[in-house]
Amino acid sequence: MPHPLDSFFAPASIALIGASRDHEKIPGRLLSMLCRNEYPGKIYPVNPNYAAIDGRTCYKSIADIGAPIDLAVIIIPARAVLAALEECAAAGVKNAVIISSGFAEEGGDSAAMQEAIAALARRTGMRISGPNAEGLFSQAQRVAATFSPAVDVKPGVAPLVATTRRIGIVAQSGGIGFAYYNRAKALGVAVSYVVSTGNESDLGAGEFLDYMVQDASTDVILLFIEGIRDVKKFFTAARRAAEIKKPVIVTKVGRSSAGEHAAASHTASMAGWSAAYDAVFAKYGFIVSDDLDEALTIAAVLASNPLPKGDRVAVVTVSGGAGIWGTDAVALRSLQVPELSEPIQAEIAKLMPSYGTARNPIDVTAQGVISGGLQRSVDLLAVSDEVDAILVMLSLSSEVRMPFKEAELKPVLAAQRKPVVFYSYTLPSDFARRELAKSGVVVLSGLTHVGVALRQLVDFATFDLPRPVDEMRLPARDLSACLKSPVLSKADSKALLRAAGIALPDEVLVAEKSGLDEAIARVGFPLVMKIQSPDIPHKSEVGGVRVNITTKGEVFLAFEQLLNNARKHRPDAPLQGVLVGPMAKKGIEIIVGTMTDQTFGPMVMVGLGGITTELFRDVIYRPAPVSPDEAGAMLAGLKAAPLLNGFRGAAKADVAALSQLIADISVLAARHAKEIAEIELNPVLVHPEGQGVTIVDALVVRRR
C-alpha cells in the first residue's frame, strides 16, 4: 500500500534551490553527493546566478523547470526560504527539505518565520522537512540529498555488506544520524534510509518513524531524539512497530538539565521529562540505548540474527581468558551460561586438544581452530536445544588467514536457528570483516556492548504489547461537584475518589468536638485521626496524625492536640477539621500516583510507598491508562517486587487487587486529564492474597 512519504524517500526528480558550482560549500556538495551516488532520477539545479552547473542546465526559478518535481532541497539564506517555498507550492512540488538554518533555534523573528513555514505546509499540503536539517539518504534508490561526508563514495572500493536485513535511521540531529550510518557502513550493516528531521516545522520524528515501520525494506529502526512534537503520530507508529514486532532502538538525549537547555537551543525542542519518555518506550517495547556504539551493536546483532528462544548462552573461544571475560559479560546481564550436558561435552571434546574445555565457556584453543574444532563446535551448538544463543570470541587481526570457511559457516548462519554473535578481542582486519561478511557475519569489537545486545534481544523476544484498556470497568461519572475548590484537602480528595468509584475506608470529617461521638460509633476502634487542610498536604510534618487510638478519652484529647499543632505550625492554614477513620490492618506499603507530562499527557506511577518513597525512588511510570495486566507488569519491574511475592516466607500480597486499583486510577487520570493534574495514593496497604488493598492517604491536585 502506498505511503504519503514514498515520493519523499524515493523521488523521481529533485530540484536543488541554491545550487552552486563550488563543491567545497554546502550547496555545491549537495549536487556533488547526488551525482557521486549515481542518483537515477532527474536533477534540476536552481540558481539565477548560473546558466549551467557541472554540465546541467541551471534554472532561474523552480517555475522555469516546467516538469514535475517530487523533492526540492533548499539551501539559501533563511529570509528567502518562505518565498522559495511559495514558489515550490505553486509549481506543484510534493516535498521539500530545508537545509537552511536560522529559524526557531534562534528565537524571535526567526521563530516566526518557521511558524510561517508550518502554516504554508498546512495550507498547501506540501510536506516539508526541516528547517535546520541535514537532508536524507536512501540507499536502495541512491538518493543522497545531503551534504554529509558519510555518504560520499570512493570510486573502485566495494562497500562492506554483511547483512541482508537493513536498518532505518531517524535522527533529530543530522550529525548523529549520519554518524550512525557511517558506523553501520563500517560494520557492514546495510541501511535503508537516513533522515535528519531538523526543527520539524511540518514533518516530525513520529511521521518518519511511521514510514520506517511500514517500509518492507527496513527491518530495524534507530531513533535519535531530543523531544517529540507529533505525539499522536509517534504513538501510532510506536504501536504499529510493537504489533508487527519490528525493533526500534532509541536514544533520548536532553536528560540532564544542561542537556535539556542545549536541546532547546539546538532545534528549539522541549526535551521533556525523561521518566515520561522512558515510560512510553517501555510501553511499546523500544530498546533504549544511551551510547552510539552500543546502539549500533544492538542494531547489528538484530540485523544479522534471529531472536533467541531463551536466555542461555554458549561462549565459544580460542582463548581461555577471553572465554572467562565473555562469560562475565553475559552473566552480568543476567543471562545464563549453563554447563553443557555430558553427551554434548563428549562430542565437543573430540574436536579439541586435551587441554581445552567443553563445559561452557568452550575453549577449543588455537589448535582447535586449525583442526576445524571451532567450526564444528558452532555446528553442534547451533542445533542443540541446550543453548539459545552463541557468542564466538576470537582474534580476527590476521590479514591472510581465516578461522572459518565460507562454505561451512554460511549454511549454519543462513539457517537462522539462533543468534550467533562474533566478537574479536583484537582489532579486526578489513580482510577478516570482508571474508566473514560473505557468510553474513558482522564482526563486533565492544564486549560490554555485545553483552547488552544479547540481553536486549532476549527481552525484545519476550515483549508483548499490552492489551487495550477496558475503560468501561470504571464507569464515567460527573465529578464537577468535587472540583469546586481550587485546592483539595485529603478529605476532599477522598470524597472525589469515592465519587469516581474508587473504594476507600469509611471515614468521617469532624469539624467540631460535638461530632466525635457519632464518628466513633460509625468508625469503631482502633481508629486514626488526621488534621485536614488544603494547605497541609504532609500532615505528619506538623504533628497532624494520631494512630491506633483505642479509647474515647484518647479521641477527645487527640482532637484538641491535632488542631493546636496545626495552628502552631501553620497559623494561616484554613482548617476543615479532623478526619476520623478506621486503623488499617497491616500490609505492604505501595505508592500509586498520576501526573501530567507536558509532552505525553497523563502518566501513572507505582512504587515502594510510605515514608521511604523519596528515599529509595523505586518507581515505574507508564502512559495512562493501563490495563490490570500492564499494571501487574509494572509491579513486577520494581526492585521491591519480591516483597509482594512472599519474601522470606511472608504471605503473597494481593497483587491482583493492587493491579486493578492502579488500572482504575490510571483510567480516572486519563479521563479527567483536563481537570486533574495529579493523584497520589500513599500509602496503599496491600494485604495478603485475597484480602484486597486499603488506601490510607490520598491527594488530588487540580489542573490550574
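A cavity here is a set of grid points where a 1.4 Å probe fits but cannot get out. Keep that in mind while touring this predicted model.

**Stop 1**

Searching the whole structure turns up 3 cavities of 30 Å³ or more. Start with the largest cavity, which holds about 140 Å³ of space. Select Ser304, Asn305, Leu413, Val420 and Val421; of the 18 lining residues, these lie nearest its centre. Now colour helix H10 (292-304), H15 and strand E18 (420-424), the elements that give two or more residues to this lining. By class, the lining of the largest cavity has 12 nonpolar, 4 polar and 2 charged residues.

**Stop 2: the second largest cavity**

Its volume is about 60 Å³. The classes are 8 nonpolar, 1 polar and 2 charged.

**Stop 3: H6 against H7**

Keep Ala241 selected: this residue of H7 also takes part in the contact with H6. Show helix H6 (residues 205-214) and helix H7 (residues 231-244). Their axes come within 7 Å and cross at roughly 25°, so the two helices are roughly parallel to each other. The crossing of H6 past H7 is left-handed. On the H6 side, pick Gly206, Glu207, Leu209, Asp210 and Val213. On the H7 side, pick Lys233, Phe234, Ala237, Ala238, Arg240, Ala241 and Ile244. This contact splits into 7 nonpolar, 1 polar and 4 charged residues.

**Stop 4: H14 against H15**

The axes of H14 (residues 373-383) and H15 (residues 406-414) come within 11 Å and cross at roughly 20°. That makes H14 roughly parallel to H15. This crossing, too, is left-handed. Gln375, Val378, Asp379 and Ala382 of H14 meet Glu408, Leu409 and Val412 of H15. The contact of H14 with H15 has 4 nonpolar, 1 polar and 2 charged residues.

**Stop 5: an open pocket**

Finish at the second largest pocket, with a volume of about 760 Å³. Select Asp152, Pro159, Leu160, Tyr181 and Lys185, which lie nearest its centre among 30 lining residues. Which elements each supply at least two residues of the lining? They are helix H5 (174-187), strand E11 (190-196) and helix H16 (430-437). H5 gives the most, with 5 residues. Colour this lining by class to see 16 nonpolar, 4 polar and 10 charged residues.

Definitions and conventions:
Residues are numbered from 1 along each chain as its sequence is written. This is a predicted model: local features need pLDDT of at least 70, side-chain atom pairs count only at pLDDT 80 or more; totals for chains, interfaces and linings use all residues. Side-chain values use heavy atoms; hydrogens and water are left out. On a 1 Å grid over the protein atoms alone, a cavity is a set of points where a 1.4 Å probe fits but cannot get out, and a pocket is an open set with protein on both sides within 12 Å along at least five of seven lines; lining residues have an atom within 4 Å of a point. Grid points are joined across faces, edges and corners, and a volume is the space filled by probe spheres set on the points. Helices (H or I, at least four residues) and strands (E, at least two) are DSSP runs, numbered from the N terminus. Ala, Val, Leu, Ile, Met, Phe, Trp, Tyr, Cys and Pro count as nonpolar, Asp, Glu, Lys and Arg as charged, and the others, Gly among them, as polar. Axes are lines fitted to C-alpha atoms, for helices over the stretch in contact, and angles run from 0 to 180 degrees between N-to-C directions. Angles under 35 degrees count as roughly parallel, over 145 as roughly antiparallel, 65 to 115 as roughly perpendicular and the rest as oblique. A crossing is left-handed if the near helix is turned anticlockwise from the far one by less than a right angle, and right-handed if clockwise. Contact means heavy atoms within 4.5 Å.
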